[in-house]
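User: I have a structure on screen and would like to learn how to read it. Can you take me through it step by step?

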Amino acid sequence: MDLGELDARKGFFKETLAGLWSLVVGLKVTGKYFFRPQITVHYPRRTVDNIPSFRGPIELISREEDPAKPKCGACSMCVSACPSGCFTVTKKRPPAPTPEEIAEQKEKEARGEKVKKKAAPKEPERFLYDYSLCSLCGTCVEACPSGALRFSASPYRAAFDRKELVFDLLADLAERAREDRNPPGTGKTTE
Amino acid sequence: MGSFSIPVELIRIVVGVVAIAAFVALNAIILVYLERKVAGHIQRRPGPFEVGPHGILQTVADALKLVGKQLIKPAGADAFLFWLAPVLGFLPIFLFFLPMPFGPVLTTLEVPLGLLLILAFAGLNVLAICIAGWGSNNKWSLLGAARGVAQSVAYEIPLLLALLAVVFMKGSMNLSKIIDSQGAWPWQWNIVLQPLAFLIYFICAIAETNRAPFDLPEAESELTAGFHTEYSGMGFGLFFLAEYANMVVVCAVATTVFLGGWKGPFFSGSWWFLAKVYLLLMLMFWPRWTYPRVRFDQLLNFNWKWLMPLALANLLVTAFIMKVG
Amino acid sequence: MTETAPFFSDADLAGDFYTRRFQPGPSENTLILNMGPQHPSTHGVLRIVLEVDGEYIVRAEPVLGYLHRMHERMAEEKTYLQYLPNMGRVDYLHALAWNWAFVGAVERLAGIEVPERAEYIRVITTELNRVASHLVWWGAYLLDLGAFTPILYAFEDREWILDLLQTPTGARLTYSYFRPGGVAADIDKEFLKGAKDFAVHMRDRLKMYKDLVTDNIIFRKRLEGIGPISLDMCRRYGATGPVVRGSGLAYDVRRAEPYSVYDRFEFEIPTTGSGDAMGRYRVRMEELEQSLRIIEQAVDSIPEGEIRVKGAPKVKWKAPAGEAYFAVEGGRGKIGVHLVSDGSNRPYRCKLRAPGFSNMSLFGEIARGILLADAVAILGSLDLVIPEMDR
Ligand code: SF4
Ligand code: SF4
């Protein structure tokens, strides 16, 4: 589509008049908006109403049966998926064997049987998340096989020091559980 | 008797100057606030809102901030010129207000050539811009100063011619006399007799005070901040104050010459003067928040090809009618 | 008596490498001027070294690199999926077009099919993003020209788009929404209705834009005949997008190499032969209208279905060895991503073709002999986004 030339020359006086009129029209537009209501949201007193759909810092999703326990199976998939290396996840170690168990093991060893070590529980020991590095891209949320991660709805987290932005997500989860604002598995997810 | 009249005059002047200083400062604070509010509402945002109820103390806070800031002189700048410029830009303001009839008796100094005094000292503003640009040792400032000089000099002429048309008619340059010759009702004002002169005057006034869309000496998107790029703290503050004071001056002159000064249909007095001045100021704000800036050559072309011939023609027609009629 | 060294030596004041290399010309009356890197109308950190004679520019030389973030190198260090967030940050104004260019290249490389619904979602969101991008350009351009109000009106409308896009993407500016094989999240009825409502609202506003700005005599006099770019020059510098369309060539990647489902929509490619700043301005304003048309058609005809193909790349995904190039039409012109894969999980090489870079290269040539104020008008009409040029 050719837009063509801007309206052709109309002669000196007509053009001058049209030009002057365009100035009046401009004033009319701004004058009209002067009396229209403002659209600014006065921030600290009021906030916008679509915060829930905004991606806040990552948080852990709790298990249905226990709001203080994360769904996370400590598989470290999110650690390798994250482009910025935000996560530090360590697995829980197997529980230390009781004296009876040690005795039993020794007995078994003496009998020449194979000793089966106790399996580590599939739970994270530590789950650190560096919000200062996070680009809120959602790769981790999609990568997690247990669906244990989601974006929170709190975009206002800020800190004076970079170190304060390393969140301990397990402690976070526990706190939310204590305060009973931890809907299991529901809430904000992107998928 | 003579030995008494001098002190009385002197007291009048001293009181007047103090009052003018207070008036200028207060006006600047109110005007900046008003302008920001007007801009805000045109742009559908609240404007200053946080300091004081509805932000009325915002400009006071800004002024305090400006006073408290460090004054920085750029390396290689001419110290004398650099600091002289803002003062030179600000001081003439007092002279402008001396002959201004704020009310029936509220004139600091009755000068027969009041209008001439104002116009003469208006030229000092150019000097301030020029010195500021030259003394800053900054290329942007220099360009801004060059623009400022060319613009002010050019626009002073039609401005003068427009005022002269009224002076021709009234045969006086005394501002009080010009007011006296006008009636209380709008149709008795000079604007009815000289609408073209008023329009020309108003356009030139916007250009003279470097207001958008003629704010070329500052033109922040082209020259960063033009002639006051390098000024900080009160150095900038004085320029800022002077700009707003100059706006009041040109509007006050327009009120006096074209709009009947302090006269109004009822309760004539200073409030009419103030009301008219503020109305004109509002009119000056409005285009700034509507139009883009003109280009420098267009600005001068507009002056020499349009305003100047129109003002001259207007003057000639006025003179002709005065002579014949 | 020892002389204390002055705080600034003359050598310090003489400037950096570029200033020293940019020696004054033969004339004595010229001045070397640095426009940028922190000049208000170079939008961020573009720097232009100018030789000016009064207010006339004798020579101009853009200096780049102040916002170089090594995006291409980063691609070689990250897996295909990990590199996605970078795409939202190359050109922050039209982030989704870059999203698309990259996932398009990955899909072409690996032969991944994209579900129909995902294609429609991509079209709708990208076009919305294009409108937002043009609105920012419009406001910022007017700000360059000295009008303060339009940018706030533009942002008012843009806010509407950002609110809309926030729902599926979760972000407001640096989107990371497309995925190889689809998109990250589905859109709902409300979004579709919102997009339609926006189109109606925006048409209304476009009339106001015309009254306030396009018809304004001051504005027209600032733009008409300024910075004429011939088609030949566009060809030499590789200019694309509204710049080449403003010079009269109807080249639009959406038409020239139709990707995705663009061939199903009716829309015009606005061109104008004038080649000046006004031409580019008018092309962009018309593109707003065309984008709205595409949005409306896509909203009306969007099918139900999957938003992501089964077997879309996962975390440990490895691309087949080979090469792929994918181009999309961004707000500023042709965006191209060239991927070379050696069969591992990271690109061997990733080349990003940024339209802004080519468009900006023109400036040195058209800037000769123009006024400083016109330089601002021309730079704005090229719609430069510095992070995209520097990458
Ligand atoms: S959102 Fe992206 S950057 Fe943030 S933690 Fe998840 S994968 Fe890492
Ligand atoms: S959050 Fe998910 S991906 Fe990360 S370690 Fe836990 S289970 Fe694995």
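Analyst: We will go through confidence, interfaces, salt bridges and ligand shells in turn. Keep in mind that this is a predicted model.

User: Then let's begin with confidence. What does chain B average in pLDDT?

Analyst: pLDDT is the predictor's confidence in each residue, from 0 to 100. Chain B averages 82. In that chain, 97% of the residues score at least 70.

User: Where in chain B is confidence lowest, and where is it highest?

Analyst: It is lowest in α10(B), with a mean of 72. It is highest in helix α9 (residues 195-208) of chain B, at 87.

User: Now the interfaces. How do I put a size on one?

Analyst: The size of an interface is often given as the accessible area lost when the parts come together. Take chain B and chain C: they bury about 2700 Å² between them. Carbon and sulfur atoms account for 62% of that area.

User: How many residues does each chain bring to that contact?

Analyst: Chain B brings 25 residues and chain C brings 34 residues.

User: Which helices of chain B supply at least two residues each to the side that touches chain C?

Analyst: Find α6 (139-170), α10 (220-223) and α13 (296-324) of chain B. By class, that side of chain B has 10 nonpolar, five polar and 10 charged residues.

User: What area is buried between chain C and chain A?

Analyst: The buried area is about 3200 Å², and carbon and sulfur atoms give 52% of it. On the side of chain C, Gln82(C), Arg282(C) and Val315(C) lose the most area to chain A. Together they make up 17% of what that side buries. The contact takes 45 residues from chain C and 35 residues from chain A.

User: How many salt bridges cross the interface of chain C and chain A?

Analyst: Two. Arg308(C) pairs with Glu142(A) in a salt bridge, with the closest N and O atoms 3.1 Å apart.

User: Which helices of chain C each supply at least two residues to the side that touches chain A?

Analyst: Five to find: α4 (80-90), α7 (150-169), α8 (189-214), α9 (217-223) and α13 (277-301) of chain C. The largest share, six residues, comes from α7(C). By class, this side of chain C has 15 nonpolar, 13 polar and 17 charged residues.

User: How many salt bridges are there over all chains?

Analyst: A search of the whole structure finds 46. Look inside chain C for an example. Arg130(C) and Glu127(C) meet through their side chains at 3.0 Å, N to O. Both lie in helix α6 (residues 116-144) of chain C. They are three residues apart, about one turn of the helix.

User: Last topic: ligands. Which residues are closest to ligand 1?

Analyst: List the neighbours, then sort them by class. Ligand 1 is surrounded by 13 residues. The closest are Cys82(A), Cys134(A), Cys137(A), Gly138(A) and Cys140(A). The shell has nine nonpolar, four polar and no charged residues.

User: And which residues surround ligand 2?

Analyst: Among them are Cys72(A), Cys75(A), Cys78(A), Cys144(A), Phe127(A) and Leu149(A). By class, the shell around ligand 2 has nine nonpolar, three polar and no charged residues.

Definitions and conventions. Residues are numbered from 1 along each chain as its sequence is written. Chains are lettered from A and ligands numbered from 1 in the order in which they are written. This is a predicted model: local features need pLDDT of at least 70, side-chain atom pairs count only at pLDDT 80 or more; totals for chains, interfaces and linings use all residues. Side-chain values use heavy atoms; hydrogens and water are left out. Contact means heavy atoms within 4.5 Å. Buried area is the accessible area (1.4 Å probe) that two parts lose on being put together, summed over both. Helices (H or I, at least four residues) and strands (E, at least two) are DSSP runs, numbered from the N terminus. Ala, Val, Leu, Ile, Met, Phe, Trp, Tyr, Cys and Pro count as nonpolar, Asp, Glu, Lys and Arg as charged, and the others, Gly among them, as polar. A residue is near a molecule or strand if one of its heavy atoms lies within 4 Å of it. A salt bridge is a side-chain nitrogen of Lys or Arg within 4 Å of a carboxyl oxygen of Asp or Glu.
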